[in-house]
Amino acid sequence: MLRNSLNLRLWLTIAIAVLPILLFTLIDYGERREQALAAIHTEVSDRLAGAHREAQAAHRAVALALRIMARSGDLQSMDPGACTGIARRLIGSLEGFANIGAAHPDGAVFCSAQASTAAVSVADRAWFRNAMRAEGISAGEFIIGRITGKPGIVFGYPLKDPSGELRAVLFASITMTWFDRLIEGFDLPPDWEASVISAGGYVLAHQPGPLERPDGVVPAGMLERMSEVTQAGGVGQLRGLDGMSRLYGVTSPDFAPESGFIAIGAPLERSLGAVQDRLFVQLAVIAAIALASALLARFHIYRFIEVWAAQVRGALARIAAGQLDTRVGHTSGVSELDELSLGVDNMATQIAKRDAELRRLSTVIEQSPESIVITDTSARIIYVNEAFTRTTGYSSADVVGNNPRILNAGLTPGATYEQMWAALCRGEVWRGEFHNTRKDGSTYLELATIAPIKGAGGEVTHYVAVKEDITQRKQSEALLHRLAYYDALTGLPNRALLHDRIAQAIRSNSRRESHGMLILVDVDRFRQLNDTLGHAAGDRLLRAVAERLRGGVRDEDTVARHGDDDFAVLIECIGGTEAEALAHAEHVARKLQCELEAPYVLGEGEDDRHLVTLSIGVSLFFDGESSLETLLKQAEVALYRAKQDGRNTVCFFNPSMQAMVDAHARLEASLNKAIEAEEFCLFFQPQLDHGGRVIGAEALIRWPQAGGGMVSPAAFIPLAEDTGQIVPIGLWVLKAACAQLARWQANVQTRHLTIAVNVSARQFHRPDFVASVERTVMAAGIDATRLKLELTESAILADLDETVGRMNQLRELGIQFALDDFGTGYSSLSYLKRLPFAQLKIDQSFVRDMAQDAGSEAIVLAVLSLSHALGLEVIAEGVETAVQREFLREHGCEFYQGYLFGKPAPIEAWDEFVAMV
């Protein structure tokens, strides 16, 4: 990938373009370096040649001094003293000489210009041995003088008699000062170095400055390298005595061959610095040009090529991904690239045209939600799509080459396959259902359409099957059917299915000339049970009633749930004559009533049993003239009459019942209108204490009619309870009572009066009851301690904890509570002790009968005693005679209400009561 990169190729192109320039620069650098080295070589050679000349001049001076001493007459006697005198005179006249003297042929020095404290022998010196063999001055030797102790070059000169016999060897030693003056005369440039080194490695002289080596000796390796340079021509690259690399000229003086070296070195770095600096400048210029070229080329590549390439690459990627309507749509400014873009667009157009058909086929086959199977004429599978794999669990590798019968576990009837092959052999398309088995063993229903595929000659070449898993559809259809026609709680047919079966039964009985019957069963006071025991208990009761009804009739009879708390039983063919049918119907109804009267387990344990009564309405039908609506209406009328007759009874329909039902419907409609128009009014019945003072009143609702009459509360209150209209009615009563209480509290004379308001169980257990009472009290702006809410036992038994919580919330506002009709229901000291009541109200039935009935009297006395023990007030309602009042007063009753003190009256008639305050 990297080697094909456009950026890499750009850098390679620039490198190839710059390479000749770089090579030329390096060649030029090499030539200039060689020229610089040649110049340095020449300069070093010139300075070395100058050193040679100076050394030869010094050699001639030494030779002259030794010849002068040899010709001196004072040496003829070989007298040490005379010889020493001559030597001292000569050394005093010569500059740069360290010593002059003479030695016997055995090497013993007997004459020396410099004094010596001990005998000195030079027999081992090379200059001495050379002088003994020479005819003139010998080659010099770089040594450290044994007499002077200083470095220098010593030359020897043989002194012979006329017969040629060696008498002595004269010597002269040149000091290194001469070499220092020689080197100083070179006027060396900075960092140049000049040294005189003996063959033993001693540094005899050094410039510039003295050599900073503690022993004054150079390494043996450097001496070998100097020897090699001398033999190779005299100039070479060495690392100097100070460690710096230089180009040295090295030579041995002619007057002292193999005795030492004269070395002059020029620093390479400084000498070649200009050449290297020129090279660096040239390389920097080349690099800058290359970088600028690369950046410029990169900019143009990005602008003209990469942007275009990204556009083309993205377009090709989208085309490859199936977006065949993609176009490059980019003008690069380069004609060749634009032509290529146009070619890509044309290619996409052609691919789109050619791919359209393949896409349609792919959509049908690969993306089809239905399984698609293709087989050859021998029914061997050659292709399955993904939907087949998802449905069956078999992969393509599992089934290709096999017969589709691998899905058949014997659940599909053999006749289905016979019909399929018969149709396919005729060249026809077959459609049907298979009950197949998946790979994991689970079964499913499949709707298959199989068609023969024919070749160009009309022969069948393949079979293609399009299959759809309809298991969920069948299950959904069954579920929808059940949801549409069956009750979810009891599993019974619902109202819709019941109506359908009633219509069928009416038609069927007409053909058979037989009677049928429709029974409606309603659970008495179901709403009260539901409110007191909870919805879970209500659901258990409904399921139990449904189960008993199913068990009490034949399998072919229909038991359905007709409403929230009522059921229907449809029974056909109960008799050919009306008398026979009526007898059969009554037997069935009584049987069902007997079955339903047994206690019901509505709690968690078997001991939690409850007795529930049911009302039953029955209607018979015979011929096809009865309609569904008529039959249902007649059964409902009979059921309503059964409830009117005190519930827990069976009632058969007769025409006289219809008028009562119609009146009930008219009353319900009128009640709805009265609620919307607020046609009600409040009457107030006074409540007095034992001293005869009015302490307040009970608010009682009245429904006046347009003609001046009143609808009895006993007529519309039970209807409102059954229909739920009691909730808005109760809220209206509460608001009207609070408004009247506000008017009383605005007057000093009536400010102490209280108003008692009745609250139904349905209203009390609404979730928003506490909030609605609080809003009403706040809106009226009253002293809530003067408001008293009267609750019946049925209102407080549903959920005792909830009841206590709600009563305490309202008690915090100051509202008082009275227990109405105490003793008529399931009175319990346990709940009476827990609930925050302020007052008990003795039901008027006990007050009315206490004078004639000992039981009523005992109940009244018990209530009075109980209230005193619990610290509760007691008010007796229905007090109509003075005898009743005196009896109650004598036994501790504090408050009274009844016709003896005043009937319920509108607020306008209360002036006489106000006067009594």
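Two strands count as paired if DSSP finds at least two bridges between them, and the strands themselves are DSSP runs of E with at least two residues, just as helices are runs of H or I with at least four, all numbered from the N terminus. The views below show a predicted model, in which local features need pLDDT of at least 70, side-chain atom pairs count only at pLDDT 80 or more, and totals for chains, interfaces and linings use all residues. Residues are numbered from 1 along each chain as its sequence is written, and side-chain values use heavy atoms, leaving out hydrogens and water.

**View 1. The hairpin of β3 and β4.** Find β3 at residues 141–144; four bridges pair this strand with β4 in the antiparallel sense. I144 sits opposite P151 of β4. Six residues lie between the two strands, and G149 has a positive phi near 70°.

**View 2. The hairpin of β4 and β5.** Follow β4 onward to β5 (residues 166–175), its antiparallel partner over nine bridges. Here G156 faces F171 in β5. Five residues separate the strands of this hairpin, where G164 takes a positive phi near 90°.

**View 3. An open sheet of five strands.** Read the antiparallel order as β7-β6-β10-β9-β8. Because β7 (203–207) and β8 (235–239) are at the edges with a single partner strand each, one side of each has no neighbour in the sheet.
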